[in-house]
Amino acid sequence: MCTVCGCGEGETKIEGHEHDHNHHHHHDGHGEHGHTHDYGQGPAHAHAPGLSQSRMVQIEQDILSKNNQYAGANRRYFEQLGILALNLVSSPGSGKTTLLTRTISDLMANYAISVIEGDQQTANDAQRIRATGANALQINTGKGCHLDGHMVGHALETLKPEQGSLLFIENVGNLVCPAAFDLGEAHKVAILSVTEGEDKPVKYPDMFHAADLMLLNKIDLLPHLDFDVERCIDYAQRINPRIKVLQVSATTGEGMEAWYQWIVASRQMALAGNPAVPA
Amino acid sequence: MHELSVCQAMLAQVEAIAKREQASRVERIVVRIGPLSGVVPELLRQAFTIARAGSVAAEAELDTELQQVRIRCRQCGAECAASSNRMICCECGDFRTQLISGDELLLASVELIRE
Ligand SMILES: Nc1nc2c(ncn2[C@@H]2O[C@H](COP(=O)(O)OP(=O)(O)O)[C@@H](O)[C@H]2O)c(=O)[nH]1
Ligand SMILES: [Mg+2]
Ligand SMILES: [Zn+2]
Ligand SMILES: [Zn+2]
């Protein structure tokens, strides 16, 4: 439990983040942080004893508003520094880490890149990323099945991604839970490998609805499978007409150029209106 | 199973409201859940029975109102109900539709008791 923000962090462990009880939150705009609600004990407290009143209070407020505030603070941070943040989501084993290591190797000559790795238990993925030379920070969520805006906010304090850089966030392998939690990213990128069912988009509509890009990975294996690519894309578009689909192989490199072009174009968008950061 | 963390977030809001309204306990909580919210109503209700213990809502009931997915067609302008995995226009069959509702996760209302 974080005593400053009162958040139940459960078993979350963020590498290099000493979550001591006196820590200061530097990320601005964390609406709830350090905020004491002043519910005055006014005269309204006096009432006839034994009389119990019941009343309905209409609220209509977003249950994830607290997460959304953290995510909003992260998003402002990214905007100020001209950082393109992408939230990579998929089932376990779809190839997120493999895709990232290749992407980093191919793009690191031109861009500063850092990675936040979410995993329930291990730090293996962050080690795989660091082997490429990029900055990486592992978050272990324990039993938690997704990253949230608050964890990412803390990770940013340690990771300190630089101005104009690319930040990839590999979410916990899970196509359900991460859909509901905004991290402040510019886009969610869903990765689906051709060794999974082509109907995954209709089985997990929340996620494919929330994603702006679907990477269909492991296409090098297509000749050995009867995966219907057209059908898969059709399913994805039924759920999300905005979704863009790119076919890639993170191991052979096929199709990766289009993914890089998408990243560069998205970065331009992220930088638009931010003249302080050189493109 | 992120329904437990969703439940905790919801209960934190309910606690704040109860405190603000100087209620002694909460009788009922109504949440509105869209099929595309990422939350399964049944799992939320299960998580609630665990999460409510010791809170101001320890004896509260949780009502989950499932919302409809509604879309608007960008081609013909029709507005229709859709299913979360088939968001196609009911009039012209086009897939280029826009979500009007169905991804919400709202704390709609609470029934408070003041004693
Ligand atoms: N054939 C093939 N295998 C891949 C591809 N991408 C990843 N893999 C393999 O899939 C497995 C899981 O990959 P990993 O990157 O750890 O997946 P993650 O759990 O989503 O991070 C590993 O054995 C990878 O070598 C690909 O494009 N083609
Ligand atoms: Mg991985
Ligand atoms: Zn904290
Ligand atoms: Zn239509």
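## The zinc site of chain B

Donors are N, O and S atoms within 2.8 Å of the metal. This is a predicted model, and in it the donor residues of the zinc ion (ligand 4) are spaced C-x2-C-x12-C-x2-C. The site links distant parts of the chain: C73(B) belongs to strand β3 (residues 69–73) of chain B, while C92(B), 19 residues apart from it, sits in the loop between β4 (79–82) and β5 (97–101) of chain B.

Which atoms hold the zinc ion (ligand 4)? They are the SG atoms of C73(B), C76(B), C89(B) and C92(B), at 2.3 to 2.4 Å. The angles among the four donor atoms run from 105 to 119 degrees, and the site is tetrahedral. C73(B) has 4% relative accessibility, so it counts as buried. The cut-off for buried is under 20%. C92(B) has a relative accessible area of 41%, so it is partly exposed.

## The three-stranded sheet of chain B

Strand β3(B) also belongs to a sheet. Three strands form this open sheet in the order β4-β3-β5 (chain B), with antiparallel pairing. β4 and β5 of chain B are at the edges; each has a single partner strand, so one side of each lacks a neighbour in the sheet. From one strand to the next, the twist averages 40 degrees.

How many bridges join β3(B) to β5(B)? There are four, and the two strands run antiparallel. One bridge partner pair is R70(B) with S101(B), the latter in β5(B).

## A helix with two sides in chain B

Helix α2 (residues 41–51) of chain B has five named buried residues: P41(B), L44(B), A47(B), F48(B) and A51(B). Why do they fall on the same side of α2(B)? They cover an arc of only 120 degrees around the axis, and that puts them on the same side. The spacing fits a general rule. An α-helix has 3.6 residues a turn, so residues three or four places apart point the same way.

The other side of α2(B) carries E42(B) and I50(B), which are exposed. The cover over the buried residues of α2(B) includes α1 (3–20), β1 (25–33) and β2 (61–66) of chain B.

Are T97(A) and D125(A) buried or exposed? Both are buried.

## The eight-stranded sheet of chain A

Chain A has an open sheet of eight strands, in the order β1-β5-β4-β6-β3-β7-β8-β9, with mixed pairing. Its edge strands are β1 (13–14) and β9 (244–247) of chain A, and each pairs on one side only. β4(A) has six of its seven residues buried, so it is largely enclosed by the rest of the structure.

Strand β4 (residues 113–119) of chain A pairs with strand β6 (residues 166–170) of chain A in the parallel sense, over five bridges. Within that pairing, I113(A) has L166(A) as its bridge partner in β6(A), and V115(A) stands opposite F168(A). β4(A) also runs parallel to β5(A), joined by six bridges. There, D119(A) stands opposite N140(A) in β5(A).

## Helices on the sheet, and a buried histidine

Helix α4 (residues 149–159) of chain A lies across β1, β4, β5 (135–140) and β6 of chain A; to β5(A) its angle is about 145 degrees. Helix α7 (residues 229–239) of chain A packs on the sheet too, touching β7 (187–193), β8 (213–217) and β9 of chain A. The direction of α7(A) makes about 160 degrees with that of β8(A).

H146(A) lies in the loop between β5 and α4 of chain A. With 6% relative accessibility, H146(A) counts as buried. What is H146(A) in contact with, beyond its neighbours within four places in sequence? In chain A the contacts are T141(A), M151(A), N171(A), V172(A), C177(A), P178(A) and F181(A); in chain B they are H2(B) and S5(B).

How values were computed
Residues are numbered from 1 along each chain as its sequence is written. Chains are lettered from A and ligands numbered from 1 in the order in which they are written. This is a predicted model: local features need pLDDT of at least 70, side-chain atom pairs count only at pLDDT 80 or more; totals for chains, interfaces and linings use all residues. Side-chain values use heavy atoms; hydrogens and water are left out. Buried means under 20% relative accessible area, exposed over 50%, partly exposed in between (1.4 Å probe, protein chains only). The arc is that of the directions from the helix axis to the C-beta atoms. Contact means heavy atoms within 4.5 Å. Two strands pair if DSSP finds at least two bridges between them. Axes are lines fitted to C-alpha atoms, for helices over the stretch in contact, and angles run from 0 to 180 degrees between N-to-C directions. Donors are N, O and S atoms within 2.8 Å of the metal (3.2 Å for Na, K and Ca); water is not among the atoms, so sites may look incomplete. Four donors count as tetrahedral if all angles lie between 85 and 135 degrees; four count as square planar and six as octahedral if opposite donors are over 155 degrees apart and all others between 65 and 115; anything else is irregular.
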